[in-house]
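Welcome, and thanks for taking a look at this chain with us. Please have the sequence and the 3D view open as you read.

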Amino acid sequence: MLSESNNKTFFKLIQESTQEEIIWMCGYMSGLLLSKKNLKEFIKKEEKKITLVYGTETGNAKNLAFNIYQKAEKEKFKIKLISLDQYSMQNLEKEDYFFIIMSTHGEGEPPSSAKSFFDFIHYNKNLFLKNMKYSVLALGDRSYTYFCKAGKDVDKRLHDIGATRIVPLHKCDVDYETQAKKWFSEIMNFLKKKKIKLKTKEYMEKF
Ligand SMILES: Cc1cc2nc3c(=O)[nH]c(=O)nc-3n(C[C@H](O)[C@H](O)[C@H](O)COP(=O)(O)O)c2cc1C
């Protein structure tokens, strides 16, 4: 059964296609279905990776990241959630959608758990993240001189090394809940529009 929008697209395509094109499409689809392995590979290629990372000192970014992860799961998005001190930098070039929640500490510095990541992206001259689509949620406190500086720095640096910012940087003051909700909802809207809904597992289980 197709979703309403896919159904519309499908019938529009059929109406606008010639007989030869319809025959070609039938052949193509049956070829895919004949080989379960090919179908799985085809779906896998279409599947996009979504990663949510957090850099925290006193736990706020971590709590937010866990809440967001749970909400996204409820909406059937398959997301990898990981603390930046556990994150392997070799994966950066393979990321499709990369979301970062990062607080600022000291005097405009990243939290200690995010220091390696921060240094890696800033000082690695060969890093070019052309595949990555990203967005940053920066946590901070307006009473500090360098408000949300670590998050701002990460947002700028990723842009400078070729990644694409899909939702603008959101800066949060101490009462971060509302701004964080806005950030998350902008991301969800973007992913839904792009149809990055990963129900792939359920789909593949039918075959
Ligand atoms: C010692 C200390 C230094 C801080 N320095 C800054 C700062 O320079 N700029 C800023 O915007 N916020 C600063 N903050 C505020 C934190 O970024 C804010 O409380 C944030 O929500 C903490 O998130 P976390 O628990 O995930 O680390 C500082 C907080 C502390 C305790």
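This is a predicted model: local features need pLDDT of at least 70, side-chain atom pairs count only at pLDDT 80 or more; totals for chains, interfaces and linings use all residues.

K149 is partly exposed, at a relative accessible area of 30%.

Further along, D160 and K156 repeat the arrangement: these two are also four residues apart in helix 6, about one helical turn from each other. The closest N and O atoms of this salt bridge are 2.7 Å apart. K156 counts as exposed, with 51% relative accessible area, while D160 is partly exposed at 42%.

## The chain as a whole

Stepping back, the chain has 207 residues, and 39% of them count as buried. It holds eight helices and six strands, and their order along the sequence is α-α-α-β-α-β-β-α-β-α-β-β-α-α.

## Helix 4 and its covered face

Helix 4 spans residues 60-74, which makes 15 residues, and it reaches 22 Å from first C-alpha to last, close to the 21 Å expected at 1.5 Å a residue. Which of its residues are buried? They are A61, L64, A65, I68 and A72. Viewed down the helix axis, these buried residues fall within an arc of 100°, so they line one face of helix 4.

The cover over that set of buried residues comes from several parts of the chain. It includes strand 1 (50-55), strand 2 (80-83), strand 3 (97-103) and strand 4 (133-139). Helix 7 (177-193) is included as well.

Most residues other than glycine have a negative phi, and two exceptions deserve a look here. Just after helix 4, K76 takes a positive phi of about 70°, although K76 is not a glycine. K76 sits in the loop between helix 4 and strand 2, where it is partly exposed with a relative accessible area of 40%.

The other case is C148, a residue other than glycine with phi near 55°. C148 belongs to the loop between strand 4 and helix 6. Is C148 buried or exposed? Its relative accessible area is 1%, and because buried means under 20%, C148 counts as buried.

Seven salt bridges turn up in a search of the whole structure. One of them joins the side chains of D173 and R142, at 3.9 Å from N to O. D173 lies in the loop between strand 6 (170-172) and helix 7, and R142 in the loop between strand 4 and helix 6 (149-160), so this pair ties together parts that are 31 residues apart in sequence.

The two partners differ in how they are classed. R142 is exposed, with a relative accessible area of 56%, whereas D173 is partly exposed at 23%.

Which residues form a nonpolar patch on the surface? L2, F10 and F11 do, with about 290 Å² of accessible area together. F11 is placed in helix 1 (residues 4-16), and F11 is partly exposed, at 45% relative accessible area.

Finally, please find K130 in the loop between helix 5 (115-123) and strand 4. K130 counts as exposed, with 64% relative accessibility. The C-alpha atoms of K130 and H159 are separated by 9.5 Å, while the two residues are 29 residues apart along the chain.

Technical notes: Residues are numbered from 1 along each chain as its sequence is written. Side-chain values use heavy atoms; hydrogens and water are left out. Buried means under 20% relative accessible area, exposed over 50%, partly exposed in between (1.4 Å probe, protein chains only). Patches are made of residues with over 30% relative accessible area and no salt bridge: like charges are joined within 9 Å, nonpolar side chains (Val, Leu, Ile, Met, Phe, Trp, Tyr) within 5 Å. Accessible areas come from the Shrake-Rupley method with a 1.4 Å probe; for residues, only the protein chains shown count as cover. A salt bridge is a side-chain nitrogen of Lys or Arg within 4 Å of a carboxyl oxygen of Asp or Glu. The expected span of a helix is 1.5 Å times one less than its number of residues. The arc is that of the directions from the helix axis to the C-beta atoms. Contact means heavy atoms within 4.5 Å.
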